[in-house]
Amino acid sequence: MKLKIITDPNPILRQPTKEVVNFDMELQNLIDNMVETMRKNQGVGLAAPQVENDKKIVVLEHDVEVDNEETLYKPFPLTIVCNPIIKSKSTKKVKMVEGCLSFPGIFTVIKRPKDVVIEGQDRYGKKIEIDVEKFQSRVLQHEIDHLNSTLLSDHMREMDIVFFGTGDFAVYALEYLNNDPQYIIKKVFTNSKKSKVRGKNVDNNQVKQFAKKHNINVKEVDDINSEESVTMLKTIKPEFGVVVDFGQIIKKEVIEIPKLGILNVHPSLLPKHRGPTPIQNTILSDDKNAGVSIIKIDEGVDSGPILAQNEFKLKDSHNFEILSDYLSKLGASLLIDILPYYIAGEIKPEAQNEKDASYSKLIIKEDGRVGFDTKGEEVHRKVLALNPWPGVFVEIDGKRIKITATHLDEENKLVIERVKPEGKSEMNYEDYLRGDKNELTFRE
Ligand code: CO
(Lines give C-alpha, C1' and ligand atoms only; values in the text may rest on other atoms or scores of the structure.)
Protein backbone atom coordinates (compact mmCIF):
# COMPACT_ATOMS: atom_id res chain seq x y z
CA MET A 1 0.00 0.00 0.00
CA LYS A 2 1.32 3.40 -0.94
CA LEU A 3 1.44 5.69 2.07
CA LYS A 4 1.07 9.44 2.27
CA ILE A 5 4.36 11.29 2.51
CA ILE A 6 4.50 14.06 5.09
CA THR A 7 6.01 17.24 3.68
CA ASP A 8 7.71 20.09 5.49
CA PRO A 9 6.61 21.98 7.51
CA ASN A 10 4.94 19.41 9.76
CA PRO A 11 5.66 18.70 13.45
CA ILE A 12 5.56 14.94 12.74
CA LEU A 13 8.91 15.28 10.96
CA ARG A 14 10.40 16.67 14.18
CA GLN A 15 9.01 14.11 16.63
CA PRO A 16 11.42 11.81 18.48
CA THR A 17 11.57 8.23 17.17
CA LYS A 18 11.44 4.94 19.11
CA GLU A 19 13.53 1.77 18.95
CA VAL A 20 12.03 -1.12 17.00
CA VAL A 21 11.48 -3.93 19.52
CA ASN A 22 8.96 -6.28 17.91
CA PHE A 23 9.97 -7.62 14.53
CA ASP A 24 6.44 -8.84 13.88
CA MET A 25 4.04 -8.96 10.93
CA GLU A 26 2.95 -5.40 11.56
CA LEU A 27 6.55 -4.27 11.13
CA GLN A 28 6.96 -6.34 7.96
CA ASN A 29 3.86 -4.71 6.49
CA LEU A 30 5.09 -1.25 7.40
CA ILE A 31 8.46 -1.91 5.75
CA ASP A 32 6.82 -3.25 2.57
CA ASN A 33 4.60 -0.19 2.42
CA MET A 34 7.57 2.11 2.93
CA VAL A 35 9.43 0.47 0.04
CA GLU A 36 6.39 0.74 -2.22
CA THR A 37 5.90 4.39 -1.23
CA MET A 38 9.55 5.22 -1.87
CA ARG A 39 9.55 3.56 -5.30
CA LYS A 40 6.23 5.02 -6.44
CA ASN A 41 7.60 8.46 -5.62
CA GLN A 42 10.89 7.78 -7.43
CA GLY A 43 12.78 8.22 -4.18
CA VAL A 44 16.07 6.56 -3.32
CA GLY A 45 15.47 6.46 0.42
CA LEU A 46 12.73 6.89 2.99
CA ALA A 47 12.56 7.11 6.78
CA ALA A 48 9.56 6.12 8.92
CA PRO A 49 8.72 9.65 10.21
CA GLN A 50 8.07 10.66 6.60
CA VAL A 51 5.10 8.26 6.53
CA GLU A 52 3.89 9.35 9.95
CA ASN A 53 5.46 6.49 11.91
CA ASP A 54 7.70 7.01 14.92
CA LYS A 55 9.84 3.83 14.60
CA LYS A 56 13.54 3.89 13.82
CA ILE A 57 13.39 2.43 10.31
CA VAL A 58 15.06 3.48 7.08
CA VAL A 59 14.78 1.92 3.63
CA LEU A 60 16.90 2.70 0.60
CA GLU A 61 17.70 1.45 -2.84
CA HIS A 62 21.07 -0.18 -2.87
CA ASP A 63 21.82 -0.79 -6.51
CA VAL A 64 22.69 2.82 -7.20
CA GLU A 65 26.43 3.03 -7.83
CA VAL A 66 27.35 -0.10 -5.95
CA ASP A 67 30.99 -0.86 -6.53
CA ASN A 68 32.15 -2.32 -3.27
CA GLU A 69 30.61 -5.77 -3.22
CA GLU A 70 32.73 -7.20 -0.45
CA THR A 71 31.75 -4.82 2.29
CA LEU A 72 28.22 -4.24 1.19
CA TYR A 73 25.46 -6.03 3.01
CA LYS A 74 22.78 -7.00 0.54
CA PRO A 75 20.50 -9.84 1.38
CA PHE A 76 17.65 -8.04 -0.41
CA PRO A 77 17.46 -5.83 -3.49
CA LEU A 78 17.17 -3.05 -0.96
CA THR A 79 18.86 -1.93 2.20
CA ILE A 80 16.54 -1.94 5.17
CA VAL A 81 17.89 -0.93 8.55
CA CYS A 82 16.09 -0.83 11.88
CA ASN A 83 17.61 1.10 14.79
CA PRO A 84 20.56 2.34 12.75
CA ILE A 85 23.40 4.25 14.35
CA ILE A 86 26.50 5.68 12.74
CA LYS A 87 29.39 3.72 14.27
CA SER A 88 32.17 5.57 12.47
CA LYS A 89 32.64 8.04 9.68
CA SER A 90 35.50 9.10 7.47
CA THR A 91 37.17 12.39 8.21
CA LYS A 92 37.03 13.19 4.52
CA LYS A 93 33.89 15.11 3.63
CA VAL A 94 32.33 15.56 0.21
CA LYS A 95 29.80 17.98 -1.23
CA MET A 96 26.79 16.52 -3.00
CA VAL A 97 23.37 17.71 -4.12
CA GLU A 98 20.52 16.28 -2.04
CA GLY A 99 16.78 16.30 -2.30
CA CYS A 100 14.11 14.87 -0.01
CA LEU A 101 10.60 13.54 -0.62
CA SER A 102 9.45 15.74 2.26
CA PHE A 103 10.82 18.83 0.45
CA PRO A 104 9.44 18.51 -3.07
CA GLY A 105 11.31 20.60 -5.63
CA ILE A 106 14.12 21.63 -3.27
CA PHE A 107 17.67 20.55 -3.98
CA THR A 108 20.66 21.76 -2.05
CA VAL A 109 24.36 21.14 -1.66
CA ILE A 110 25.30 19.36 1.58
CA LYS A 111 28.75 18.47 2.83
CA ARG A 112 28.89 15.13 4.65
CA PRO A 113 31.46 12.48 5.58
CA LYS A 114 32.37 10.50 2.49
CA ASP A 115 32.10 7.02 4.04
CA VAL A 116 30.25 5.72 7.07
CA VAL A 117 29.87 2.47 8.99
CA ILE A 118 26.34 1.82 10.19
CA GLU A 119 25.23 -0.59 12.90
CA GLY A 120 21.67 -1.76 13.25
CA GLN A 121 19.29 -4.63 12.69
CA ASP A 122 17.73 -6.04 9.54
CA ARG A 123 13.98 -6.37 9.14
CA TYR A 124 13.94 -9.60 11.18
CA GLY A 125 16.00 -8.26 14.07
CA LYS A 126 19.36 -9.74 13.09
CA LYS A 127 22.35 -7.52 13.92
CA ILE A 128 24.04 -6.01 10.86
CA GLU A 129 26.93 -3.75 10.10
CA ILE A 130 27.01 -1.80 6.84
CA ASP A 131 30.09 -0.19 5.43
CA VAL A 132 29.02 2.24 2.75
CA GLU A 133 30.52 4.92 0.60
CA LYS A 134 29.59 7.43 -2.08
CA PHE A 135 25.92 7.74 -2.98
CA GLN A 136 24.70 5.08 -0.55
CA SER A 137 26.58 6.61 2.33
CA ARG A 138 24.93 9.87 1.44
CA VAL A 139 21.40 8.42 1.36
CA LEU A 140 21.88 6.50 4.61
CA GLN A 141 23.14 9.58 6.43
CA HIS A 142 20.20 11.55 5.12
CA GLU A 143 17.67 8.92 6.27
CA ILE A 144 19.29 8.54 9.71
CA ASP A 145 19.00 12.33 10.01
CA HIS A 146 15.24 11.89 9.71
CA LEU A 147 15.23 9.52 12.70
CA ASN A 148 17.03 12.22 14.69
CA SER A 149 14.53 14.91 13.60
CA THR A 150 17.13 16.58 11.41
CA LEU A 151 15.84 17.79 8.07
CA LEU A 152 17.21 18.92 4.73
CA SER A 153 16.46 22.52 5.67
CA ASP A 154 18.76 22.24 8.72
CA HIS A 155 21.69 21.56 6.43
CA MET A 156 20.75 24.24 3.97
CA ARG A 157 23.30 26.97 3.66
CA GLU A 158 21.82 30.35 2.87
CA MET A 159 23.62 32.17 0.11
CA ASP A 160 23.57 35.91 -0.47
CA ILE A 161 22.93 36.69 -4.10
CA VAL A 162 22.11 39.66 -6.32
CA PHE A 163 19.79 39.89 -9.30
CA PHE A 164 20.03 42.15 -12.34
CA GLY A 165 16.86 42.41 -14.42
CA THR A 166 14.58 44.89 -16.12
CA GLY A 167 12.26 43.38 -18.74
CA ASP A 168 9.18 41.24 -18.11
CA PHE A 169 11.21 38.24 -19.24
CA ALA A 170 13.20 38.46 -15.99
CA VAL A 171 10.26 38.16 -13.59
CA TYR A 172 9.98 34.34 -13.44
CA ALA A 173 13.69 33.93 -12.71
CA LEU A 174 13.40 36.44 -9.88
CA GLU A 175 10.27 34.73 -8.57
CA TYR A 176 11.78 31.22 -8.63
CA LEU A 177 14.95 32.39 -6.89
CA ASN A 178 12.88 34.19 -4.28
CA ASN A 179 10.82 31.03 -3.65
CA ASP A 180 13.90 28.91 -2.95
CA PRO A 181 14.82 29.32 0.74
CA GLN A 182 18.56 28.82 0.18
CA TYR A 183 18.98 31.98 -1.92
CA ILE A 184 18.75 35.33 -0.16
CA ILE A 185 18.34 38.07 -2.73
CA LYS A 186 20.18 40.97 -1.11
CA LYS A 187 19.46 43.41 -3.89
CA VAL A 188 17.76 43.66 -7.25
CA PHE A 189 19.39 46.04 -9.71
CA THR A 190 17.12 47.29 -12.44
CA ASN A 191 17.40 49.73 -15.30
CA SER A 192 16.14 53.15 -14.28
CA LYS A 193 15.12 54.10 -17.79
CA LYS A 194 11.35 54.34 -18.07
CA SER A 195 9.64 53.04 -21.16
CA LYS A 196 7.65 55.32 -23.40
CA VAL A 197 4.01 54.54 -24.06
CA ARG A 198 2.36 56.92 -26.53
CA GLY A 199 5.05 59.49 -25.92
CA LYS A 200 4.63 59.46 -22.14
CA ASN A 201 7.10 58.07 -19.65
CA VAL A 202 5.44 55.14 -17.94
CA ASP A 203 6.92 53.06 -15.16
CA ASN A 204 5.76 49.54 -15.90
CA ASN A 205 8.87 47.77 -14.63
CA GLN A 206 7.49 44.40 -13.49
CA VAL A 207 10.81 43.41 -11.92
CA LYS A 208 10.74 46.44 -9.68
CA GLN A 209 7.10 45.83 -8.79
CA PHE A 210 7.77 42.17 -7.91
CA ALA A 211 10.71 43.14 -5.72
CA LYS A 212 8.70 45.78 -3.87
CA LYS A 213 5.77 43.43 -3.35
CA HIS A 214 8.06 40.80 -1.82
CA ASN A 215 10.14 43.23 0.26
CA ILE A 216 13.31 42.68 -1.72
CA ASN A 217 15.67 45.63 -1.75
CA VAL A 218 15.58 47.13 -5.25
CA LYS A 219 17.91 49.71 -6.72
CA GLU A 220 17.38 51.55 -9.98
CA VAL A 221 20.66 52.20 -11.76
CA ASP A 222 21.68 54.05 -14.90
CA ASP A 223 25.06 52.38 -14.95
CA ILE A 224 25.81 49.15 -13.15
CA ASN A 225 29.52 49.74 -13.69
CA SER A 226 29.57 53.05 -11.82
CA GLU A 227 31.67 53.45 -8.71
CA GLU A 228 28.52 53.62 -6.59
CA SER A 229 27.21 50.29 -7.91
CA VAL A 230 30.59 48.60 -7.61
CA THR A 231 30.94 49.73 -3.99
CA MET A 232 27.42 48.51 -3.23
CA LEU A 233 28.15 45.10 -4.72
CA LYS A 234 31.44 44.78 -2.90
CA THR A 235 29.65 45.49 0.39
CA ILE A 236 27.05 42.79 -0.33
CA LYS A 237 29.72 40.21 -1.25
CA PRO A 238 27.26 38.03 -3.21
CA GLU A 239 28.17 34.39 -3.78
CA PHE A 240 26.73 34.66 -7.28
CA GLY A 241 24.66 36.98 -9.41
CA VAL A 242 21.89 36.29 -11.90
CA VAL A 243 21.27 38.59 -14.85
CA VAL A 244 18.17 38.34 -17.01
CA ASP A 245 16.96 40.85 -19.60
CA PHE A 246 18.79 43.65 -17.81
CA GLY A 247 19.49 46.04 -20.66
CA GLN A 248 22.97 47.10 -19.59
CA ILE A 249 26.40 45.74 -20.41
CA ILE A 250 28.13 44.41 -17.30
CA LYS A 251 31.86 45.02 -17.24
CA LYS A 252 34.71 42.93 -15.91
CA GLU A 253 35.05 44.73 -12.60
CA VAL A 254 31.44 43.87 -11.69
CA ILE A 255 31.57 40.34 -13.14
CA GLU A 256 34.49 39.53 -10.88
CA ILE A 257 32.78 40.54 -7.62
CA PRO A 258 30.58 37.45 -6.98
CA LYS A 259 32.64 34.39 -6.05
CA LEU A 260 30.79 32.10 -8.47
CA GLY A 261 30.36 34.72 -11.17
CA ILE A 262 27.18 35.99 -12.77
CA LEU A 263 24.81 33.59 -14.51
CA ASN A 264 22.55 34.63 -17.34
CA VAL A 265 19.33 33.13 -18.67
CA HIS A 266 19.35 33.72 -22.42
CA PRO A 267 16.32 32.77 -24.54
CA SER A 268 18.10 31.10 -27.44
CA LEU A 269 20.22 28.06 -28.14
CA LEU A 270 23.57 29.81 -27.88
CA PRO A 271 25.78 30.48 -29.74
CA LYS A 272 22.81 31.15 -32.02
CA HIS A 273 21.01 34.48 -31.70
CA ARG A 274 23.27 36.34 -29.34
CA GLY A 275 22.30 39.94 -28.70
CA PRO A 276 19.17 41.87 -27.80
CA THR A 277 16.34 40.16 -29.74
CA PRO A 278 16.94 36.39 -29.64
CA ILE A 279 13.27 35.37 -29.49
CA GLN A 280 12.20 37.47 -32.46
CA ASN A 281 15.26 36.31 -34.34
CA THR A 282 14.47 32.65 -33.66
CA ILE A 283 11.01 33.10 -35.21
CA LEU A 284 12.21 35.25 -38.13
CA SER A 285 14.93 32.72 -38.97
CA ASP A 286 12.31 29.98 -39.22
CA ASP A 287 14.37 27.81 -36.83
CA LYS A 288 13.25 24.24 -36.26
CA ASN A 289 14.02 24.44 -32.53
CA ALA A 290 13.89 27.09 -29.87
CA GLY A 291 15.36 26.98 -26.38
CA VAL A 292 17.10 28.59 -23.44
CA SER A 293 20.71 28.66 -22.34
CA ILE A 294 22.20 29.30 -18.92
CA ILE A 295 25.64 30.83 -19.29
CA LYS A 296 28.28 32.26 -17.01
CA ILE A 297 28.75 35.74 -18.38
CA ASP A 298 32.04 37.12 -19.59
CA GLU A 299 32.80 40.51 -21.09
CA GLY A 300 31.46 39.69 -24.53
CA VAL A 301 27.89 39.78 -25.80
CA ASP A 302 26.27 36.51 -24.65
CA SER A 303 29.56 34.75 -25.30
CA GLY A 304 30.19 33.16 -21.89
CA PRO A 305 30.53 29.41 -21.35
CA ILE A 306 27.34 27.33 -21.25
CA LEU A 307 26.15 25.56 -18.09
CA ALA A 308 22.92 24.08 -19.44
CA GLN A 309 20.45 24.23 -22.30
CA ASN A 310 16.90 23.13 -22.85
CA GLU A 311 15.40 22.90 -26.33
CA PHE A 312 12.07 22.07 -27.91
CA LYS A 313 10.41 22.07 -31.33
CA LEU A 314 9.21 25.43 -32.54
CA LYS A 315 5.55 25.40 -33.58
CA ASP A 316 3.72 27.60 -36.05
CA SER A 317 1.49 28.85 -33.22
CA HIS A 318 4.50 30.20 -31.30
CA ASN A 319 4.34 33.94 -31.64
CA PHE A 320 6.59 36.30 -29.73
CA GLU A 321 4.34 36.65 -26.70
CA ILE A 322 3.68 32.92 -26.26
CA LEU A 323 7.29 31.96 -26.85
CA SER A 324 8.62 34.68 -24.60
CA ASP A 325 6.39 33.65 -21.71
CA TYR A 326 7.23 29.98 -22.17
CA LEU A 327 10.99 30.54 -22.47
CA SER A 328 10.93 32.76 -19.43
CA LYS A 329 9.41 29.98 -17.29
CA LEU A 330 11.59 27.29 -18.84
CA GLY A 331 14.73 29.35 -18.27
CA ALA A 332 13.81 30.11 -14.66
CA SER A 333 13.18 26.46 -13.82
CA LEU A 334 16.33 25.31 -15.61
CA LEU A 335 18.30 27.85 -13.59
CA ILE A 336 16.84 26.60 -10.29
CA ASP A 337 17.45 22.96 -11.31
CA ILE A 338 21.11 23.39 -12.16
CA LEU A 339 22.16 25.89 -9.48
CA PRO A 340 22.84 23.33 -6.71
CA TYR A 341 25.01 21.30 -9.11
CA TYR A 342 26.86 24.39 -10.25
CA ILE A 343 27.44 25.44 -6.63
CA ALA A 344 28.68 21.92 -5.79
CA GLY A 345 31.16 22.19 -8.66
CA GLU A 346 29.53 19.34 -10.57
CA ILE A 347 28.84 21.42 -13.66
CA LYS A 348 31.79 22.66 -15.65
CA PRO A 349 30.80 25.52 -17.96
CA GLU A 350 31.59 24.69 -21.59
CA ALA A 351 32.93 27.29 -24.02
CA GLN A 352 30.64 28.27 -26.90
CA ASN A 353 31.70 27.45 -30.39
CA GLU A 354 32.55 30.87 -31.81
CA LYS A 355 32.34 29.58 -35.38
CA ASP A 356 28.58 28.94 -35.03
CA ALA A 357 27.75 32.27 -33.43
CA SER A 358 25.00 34.43 -34.91
CA TYR A 359 23.71 37.78 -33.75
CA SER A 360 20.34 39.44 -33.38
CA LYS A 361 20.08 43.19 -33.56
CA LEU A 362 17.82 45.79 -32.01
CA ILE A 363 14.47 45.96 -33.78
CA ILE A 364 13.30 49.28 -35.17
CA LYS A 365 9.86 50.34 -36.42
CA GLU A 366 10.92 50.04 -40.07
CA ASP A 367 11.61 46.31 -39.56
CA GLY A 368 7.84 45.88 -39.54
CA ARG A 369 7.43 47.18 -43.08
CA VAL A 370 6.42 44.69 -45.75
CA GLY A 371 5.71 45.33 -49.43
CA PHE A 372 3.61 43.42 -51.91
CA ASP A 373 6.83 41.89 -53.20
CA THR A 374 7.48 40.33 -49.77
CA LYS A 375 6.95 36.58 -49.65
CA GLY A 376 3.76 35.50 -47.88
CA GLU A 377 5.65 33.16 -45.57
CA GLU A 378 7.94 35.97 -44.52
CA VAL A 379 4.98 38.22 -43.80
CA HIS A 380 3.59 35.50 -41.55
CA ARG A 381 6.87 35.04 -39.67
CA LYS A 382 7.08 38.79 -39.18
CA VAL A 383 3.54 38.90 -37.85
CA LEU A 384 4.48 36.17 -35.35
CA ALA A 385 7.76 37.79 -34.34
CA LEU A 386 7.07 41.51 -34.40
CA ASN A 387 3.73 41.81 -32.63
CA PRO A 388 2.87 43.55 -30.37
CA TRP A 389 5.89 45.76 -31.15
CA PRO A 390 6.68 47.21 -33.67
CA GLY A 391 3.97 45.37 -35.60
CA VAL A 392 3.85 44.62 -39.34
CA PHE A 393 2.46 47.04 -41.89
CA VAL A 394 2.00 47.76 -45.59
CA GLU A 395 1.66 51.27 -46.86
CA ILE A 396 -0.99 52.16 -49.45
CA ASP A 397 -1.34 55.76 -50.65
CA GLY A 398 0.64 56.98 -47.66
CA LYS A 399 -1.58 55.15 -45.16
CA ARG A 400 -0.40 52.26 -43.08
CA ILE A 401 -2.38 49.08 -42.70
CA LYS A 402 -1.15 46.92 -39.85
CA ILE A 403 -1.43 43.16 -40.25
CA THR A 404 -2.02 41.77 -36.78
CA ALA A 405 -2.94 38.09 -37.26
CA THR A 406 -2.18 35.60 -40.01
CA HIS A 407 -1.69 31.90 -40.61
CA LEU A 408 -0.38 29.69 -43.38
CA ASP A 409 -2.81 27.30 -45.06
CA GLU A 410 -2.03 23.71 -46.01
CA GLU A 411 -0.25 24.88 -49.16
CA ASN A 412 1.86 27.29 -47.12
CA LYS A 413 -0.06 30.26 -48.49
CA LEU A 414 -0.60 33.33 -46.38
CA VAL A 415 -4.08 33.81 -44.94
CA ILE A 416 -4.67 37.19 -43.35
CA GLU A 417 -6.99 37.10 -40.33
CA ARG A 418 -6.96 40.56 -38.82
CA VAL A 419 -5.79 44.04 -39.80
CA LYS A 420 -5.73 47.54 -38.36
CA PRO A 421 -5.99 50.33 -40.91
CA GLU A 422 -4.43 53.66 -39.92
CA GLY A 423 -6.74 55.68 -37.69
CA LYS A 424 -9.19 52.80 -37.27
CA SER A 425 -9.57 49.96 -34.80
CA GLU A 426 -8.44 46.41 -35.41
CA MET A 427 -10.91 44.39 -37.51
CA ASN A 428 -11.40 41.05 -39.25
CA TYR A 429 -9.83 40.99 -42.69
CA GLU A 430 -13.23 40.20 -44.28
CA ASP A 431 -14.73 43.34 -42.74
CA TYR A 432 -11.82 45.31 -44.09
CA LEU A 433 -12.44 43.96 -47.61
CA ARG A 434 -16.17 44.70 -47.34
CA GLY A 435 -15.23 48.35 -47.09
CA ASP A 436 -14.52 48.17 -50.82
CA LYS A 437 -10.82 47.69 -50.34
CA ASN A 438 -8.41 45.76 -52.54
CA GLU A 439 -7.00 42.47 -51.30
CA LEU A 440 -3.56 42.60 -49.74
CA THR A 441 -1.63 40.10 -51.82
CA PHE A 442 1.93 39.03 -51.32
CA ARG A 443 4.47 37.09 -53.34
CA GLU A 444 4.13 33.33 -53.17
CO1 CO B 1 14.45 12.98 3.27
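Trainee: Where does N41 sit?
Mentor: N41 is in the loop between α1 (25-40) and β1 (45-47). Helices here are DSSP runs of H or I with at least four residues, strands are runs of E with at least two, and both are numbered from the N terminus. This is a predicted model, where local features need pLDDT of at least 70, side-chain atom pairs count only at pLDDT 80 or more, and totals for chains, interfaces and linings use all residues. Residues are numbered from 1 along each chain as its sequence is written, and side-chain values use heavy atoms, with hydrogens and water left out.

Trainee: Thanks! Why does N41 count as partly exposed?
Mentor: Because its relative accessibility is 27%. Buried means under 20% relative accessible area, exposed means over 50%, and partly exposed is in between, using a 1.4 Å probe and protein chains only.

Trainee: And what does N41 touch?
Mentor: Not counting residues up to four places away in sequence, N41 touches K2, I5 and L101. Contact means heavy atoms within 4.5 Å. A polar atom of the N41 side chain also lies 2.7 Å from the backbone oxygen of T37.

Trainee: What counts as a polar contact?
Mentor: A pair of N or O atoms within 3.5 Å; within protein, one must be able to donate a hydrogen and the other to accept it, and residues adjacent in sequence count only if both atoms are side-chain atoms.

Trainee: Switching to S149: is it buried or exposed?
Mentor: S149 counts as buried, because its relative accessibility is 16%. You'll find S149 in the loop between α2 (134-147) and α3 (152-155). Leaving aside neighbours within four places in sequence, S149 is in contact with L13, R14, Q15, P16 and D154.

Trainee: Now α5. Which of its residues are buried?
Mentor: In α5 (residues 206-213), V207, K208, F210 and A211 are buried. They line one face of the helix, because seen down the axis they fall within an arc of 160 degrees. That arc is taken from the directions from the helix axis to the C-beta atoms.

Trainee: What's on the other side of α5?
Mentor: K212 and K213 are exposed there. The buried residues of α5 are covered by elements including β8 (159-165), α4 (171-179), β9 (183-191) and β12 (218-221).

Trainee: How about the ends of α5?
Mentor: N205 caps the N-terminal end, with a side-chain oxygen 3.0 Å from the backbone nitrogen of V207. Just after α5, N215 takes a positive phi of about 55 degrees.

Trainee: What order do the strands take in the open sheet with β17?
Mentor: The order is β17-β18-β19-β20, 4 strands with antiparallel pairing. β17 (392-396) and β20 (427-428) are the edge strands, each pairing on one side only. Two strands pair if DSSP finds at least two bridges between them.

Trainee: How many bridges join β18 to β19?
Mentor: There are 7 between β18 (residues 399-408) and β19 (residues 414-421). As an example, K402 has K420 in β19 as its bridge partner.

Trainee: Last one, how big is the chain overall?
Mentor: Its C-alpha trace spans about 95 × 55 × 45 Å along the principal axes. The protein chain has 11 helices and 20 strands, and buried residues make up 50% of its 444 residues. Among contacts with a separation of 6 or more, 65% are between residues 24 or more positions apart.
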